Amino acid sequence: MSDRPKIKLHPEWRDALAGEFEQDYMRDLKAFLLARKQAGAVIYPPGPEIFNALDSTPLSEVKVVILGQDPYHGPGQAHGLCFSVREGVPPPPSLVNIFRELRSDLGLAIPNHGHLQSWAEQGVLLLNAVLSVERGQAGAHQGQGWERFTDAVVATVNQRCEHVVFLLWGAQAQRKGSAIDTRRHLVLKAPHPSPLSAHRGFLGCRHFSQANAWLAGHGIEPVDWALP
């Protein structure tokens, strides 16, 4: 339709979520984003990258879901994949702790960048609960409809995919994943990798090796967590 935003969204997700885009709450969300932009707000990530997680990981290829919260709210950080930053942008503290756990769990060297695109292209859905934010204002777009939309994304994976690993880090992610069918999927829970909570059980959780063992046990190619 001509009034649709020019967004990058994989056709599998566009079809699966078509009903959501027709809902009043999504029209209200679009109007909110447009109004904030017209008011001079700087919104991250850039418009074409808001659905990057859904564009990079087709529904039929999802094997792991990592649930984040808000996009990063610093210049040049957010590009539509939770926890990820582009090459050349210093990895934020939570991502540093994710890399520390990867080193402890799988013996991987800590990479010199935080661009997680290779994970997304292997079937790791890097989904934030809220898909936009404003510069310097964490949580600025909470409660505007994104949570309902991303609930629909999680529900779609839960219903249509088989043997997916859900990595739920922190209370918010665990609430969002509370309805996942644990008879068909593996749900792994830990504190958030933020420096405020990582030492309460995220570091040492060994989620990455557990995820790969589950995938291999169901005949699914494990994830190569090493970044290129």
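1. In this predicted model, Asp 105 has 8% relative accessibility and therefore counts as buried, the cut-off being under 20%. The side chain of Asp 105 forms a salt bridge with that of Arg 206, with an N to O distance of 3.4 Å. This pair connects distant parts of the chain: Asp 105 belongs to helix 5 (residues 93-106), while Arg 206 sits in the loop between strand 6 (186-190) and helix 9 (207-217), 101 residues apart. Arg 206, at 40% relative accessibility, counts as partly exposed.

2. A salt bridge also joins the side chains of Glu 162 and Arg 184, at 3.3 Å from N to O. Glu 162 is partly exposed, at 44% relative accessibility.

3. Arg 184 has a salt bridge with Asp 181 as well, the closest N and O atoms lying 3.4 Å apart. Asp 181 counts as buried, at 14% relative accessibility. Through shared partners, salt bridges tie Glu 162, Asp 181, Arg 183 and Arg 184 into one network. The structure has eight salt bridges.

4. The second largest pocket holds about 410 Å³ of space. Its lining comprises 23 residues, and those closest to the pocket centre are Gln 69, Asp 70, Pro 71, Tyr 72 and Ser 94. By class, the lining of this pocket has 10 nonpolar, 12 polar and one charged residues.

Technical notes:
Residues are numbered from 1 along each chain as its sequence is written. This is a predicted model: local features need pLDDT of at least 70, side-chain atom pairs count only at pLDDT 80 or more; totals for chains, interfaces and linings use all residues. Side-chain values use heavy atoms; hydrogens and water are left out. On a 1 Å grid over the protein atoms alone, a cavity is a set of points where a 1.4 Å probe fits but cannot get out, and a pocket is an open set with protein on both sides within 12 Å along at least five of seven lines; lining residues have an atom within 4 Å of a point. Grid points are joined across faces, edges and corners, and a volume is the space filled by probe spheres set on the points. Ala, Val, Leu, Ile, Met, Phe, Trp, Tyr, Cys and Pro count as nonpolar, Asp, Glu, Lys and Arg as charged, and the others, Gly among them, as polar. A salt bridge is a side-chain nitrogen of Lys or Arg within 4 Å of a carboxyl oxygen of Asp or Glu. Helices (H or I, at least four residues) and strands (E, at least two) are DSSP runs, numbered from the N terminus. Buried means under 20% relative accessible area, exposed over 50%, partly exposed in between (1.4 Å probe, protein chains only).
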